Amino acid sequence: MADDTRARGVPRRTAVTGAVVIAGAAAGCARYAEPSAETPAESGAGAVEEGTVIGAASDVPVGGGKVFADKKMVVTQPKKGEFKAFSSVCTHQGCAVNKVADGTIDCPCHGSKFAIKDGSVKAGPAPKPLPAMEVSVNADGKITTGSGKGVAPGEKPPAEEKPPAEKPPVKGLASTKDIPVGGGKVFEKEQLVVTQPSKGEFKGFSAICTHQGCSVTQVKGGTINCPCHGSKFEVTDGSVRSGPAKKPLPYRSVKVDGDQIRLA
Ligand code: FES
Ligand code: FES
């Protein structure tokens, strides 16, 4: 898409963590577009490649912000010329925030509100701030991603990591014994569901509900269940057994290595 244009070669790009202050005439930046109620809010903010153009700084109002749904980012401008960027994935149950109003970034699912200046929680139930994102502003007034990694407010961006000399042995996610036949297990950290529809047959699915992006939390009665609005997905193929979700859970590759289940 056009917004994904790489900004290589653009002169005078200034990278900062979570905030971009525009000097002189250069504008600031951020990314996202208004999400619909059906927009899945996969977590994993920061998956956008470094240098990706988010949008025009002029689209971000002073004292407000703009949600760039396709980039899973919110860009705010708490003060004129000061731009900040955050993940748009709500830290409560992973819905996509969809509005910036009255100084807060708002989640439609259960009403959490986050401050535009630092992503901190102004109203629950969200337990944690929205992670700040690193962005840059180029000479054309376009907002571009910096490192693309999420950085919690007040934290320094992670230092460049050197690749380890030797890869440590990869531990499996779980033992095949942990996955009940006819059922499954949710791996919250990996945002993954592994099911075993029939003995010895293992399947992997995204744990992000395709309705409004909550994390599914339970596998019971032959379905993978979302707590937010009750959507249920078949353990056999992730298809919708009951809504409001309309789309199946996407497949994710898993492999069985001995008695260990790993992400492929
Ligand atoms: S308030 Fe955002 S997911 Fe619950
Ligand atoms: S987010 Fe609405 S049912 Fe899952």
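**Notebook: an all-strand predicted model**

I started with burial: 42% of the 264 residues in the protein are buried (20 or more other C-beta atoms within 10 Å of a residue's own; exposed is 12 or fewer, partly exposed is in between, and C-beta atoms are placed from the backbone). This is a predicted model, where local features need pLDDT of at least 70 and side-chain atom pairs count only at pLDDT 80 or more, while totals for chains, interfaces and linings use all residues. For my own bookkeeping, residues are numbered from 1 along each chain as its sequence is written, and chains are lettered from A and ligands numbered from 1 in the order in which they are written.

**Entry: overall make-up**

I looked up the secondary structure and found 0 helices and 22 strands (DSSP runs numbered from the N terminus: H or I of at least four residues for helices, E of at least two for strands). Next I checked contacts (C-beta atoms, placed from the backbone, within 7 Å). Of those with a separation of 6 or more, 57% link residues 24 or more positions apart.

**Entry: the core**

Which residues have the most contacts inside the largest nonpolar core? I got Met73, Val74, Val75, Ala85, Phe86, Ile105 and Ile224, in a core of 50 residues (buried Ala, Val, Leu, Ile, Met, Phe, Trp, Tyr and Cys joined through C-beta atoms within 7 Å). At least two core residues each come from β3 (53–56), β4 (65–68), β5 (73–79), β6 (82–87), β11 (132–137) and β15. β11 gives the most, with 4 residues. The core lies between domain 1 (2–151) and domain 2 (174–263), because both give residues to it; the domain bounds come from an automatic or database domain assignment. I noted the general rule too: in soluble globular proteins, nonpolar side chains tend to be buried together.

**Entry: two open sheets**

I then traced an open sheet of 3 strands, in the order β14-β15-β16, with antiparallel pairing (strands pair if DSSP finds at least two bridges between them). β14 (184–187) and β16 (201–206) are the edges; each has a single partner strand, so one side of each has no neighbour in the sheet. Neighbouring strands here are turned by 20° against each other on average, direction ignored (axes are lines fitted to C-alpha atoms, for helices over the stretch in contact, and angles run from 0 to 180 degrees between N-to-C directions). β14 and β15 (residues 192–198) share 4 antiparallel bridges, and glycine 184 has threonine 195 of β15 as its bridge partner.

Another open sheet has 4 strands, β7-β8-β9-β10, again with antiparallel pairing. Its edges are β7 (99–101) and β10, each with a single partner strand, so one side of each is left without a neighbour. I counted 2 antiparallel bridges between β9 (residues 113–115) and β10, with lysine 113 opposite alanine 123 in β10.

Most residues other than glycine have a negative phi, and most peptide bonds are trans, so I went looking for exceptions.

- Glycine 124 and proline 125 are joined by a cis peptide bond, omega about 10°; proline 125 sits in the loop between β10 (121–123) and β11.
- Glycine 243 and proline 244 also have a cis bond, omega about 15°; proline 244 is in the loop between β20 (240–242) and β21 (254–257).
- Lysine 72, in the loop between β4 and β5, has a positive phi near 55°.
- Glutamine 191, in the loop between β14 and β15, has a positive phi of about 55°.

Are these two lysine and glutamine residues buried or partly exposed? Lysine 72 counts as buried because it has 27 C-beta neighbours inside 10 Å. Glutamine 191 has 18 inside 10 Å, so I logged it as partly exposed.

Conventions
Contact = placed C-beta atoms within 7 Å.
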